Amino acid sequence: MHEEQVKVIVDQRERNEVLLSALASKVEIEVKTLPVGDYIVSDRIAIERKTVQDFESSIINGRLFDQAKRLHEYYGSPIIILEGDRSEFLLGENIILGAIVALYIDYGSAVILSK
């Protein structure tokens, strides 16, 4: 019986070498320019990684919801991984929580908090 290896497509602009190395030890990786998202794990799931600082600047300049809309259009179940500690947020907690709720309700995006 032939076991098929999981394949993850990684955007060429993704620069987290530690994460890429760990990922490559578990799954097959294909690197290419993606129109949206940082990682494609299936035809339905794309992952966008954001640091706390990038998440906040994306809220301020409006890019966050444009990205979420495009992720949802290309893939039915987008995931946003928000990396960092809650203490790093400069915007108010209500703004951050409001953005997370809007991502979930308006764009079907799951938001995962990760240190």
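## Strand pairing and the sheet

Two strands are taken to pair if DSSP finds at least two bridges between them; strands (E, at least two residues) and helices (H or I, at least four) are DSSP runs, numbered from the N terminus. The model is predicted, so local features need pLDDT of at least 70 and side-chain atom pairs count only at pLDDT 80 or more, whereas totals for chains, interfaces and linings use all residues. Residues are numbered from 1 along each chain as its sequence is written, and side-chain values use heavy atoms, with hydrogens and water left out.

Strand 4 and strand 5 (residues 79–83) run parallel and are joined by five bridges; Ile47 stands opposite Ile79 in strand 5.

## Glu48 in strand 4

Glu48 belongs to strand 4. With 9% relative accessibility, Glu48 counts as buried (under 20% relative accessible area, with exposed over 50% and partly exposed in between; 1.4 Å probe, protein chains only). Leaving aside residues up to four places away in sequence, Glu48 touches Gly37, Asp38, Gln67, Leu71, Ile79, Ile80 and Ile81 (contact: heavy atoms within 4.5 Å).

## Helix 3

The buried residues of helix 3 include Gln67 and Leu71, together with Leu64 and Ala68. Viewed down the axis of helix 3, the buried residues fall within an arc of 100°, so they line one face (directions from the helix axis to the C-beta atoms). They pack against strand 4 (46–51), helix 2 (52–61) and helix 4 (93–107).
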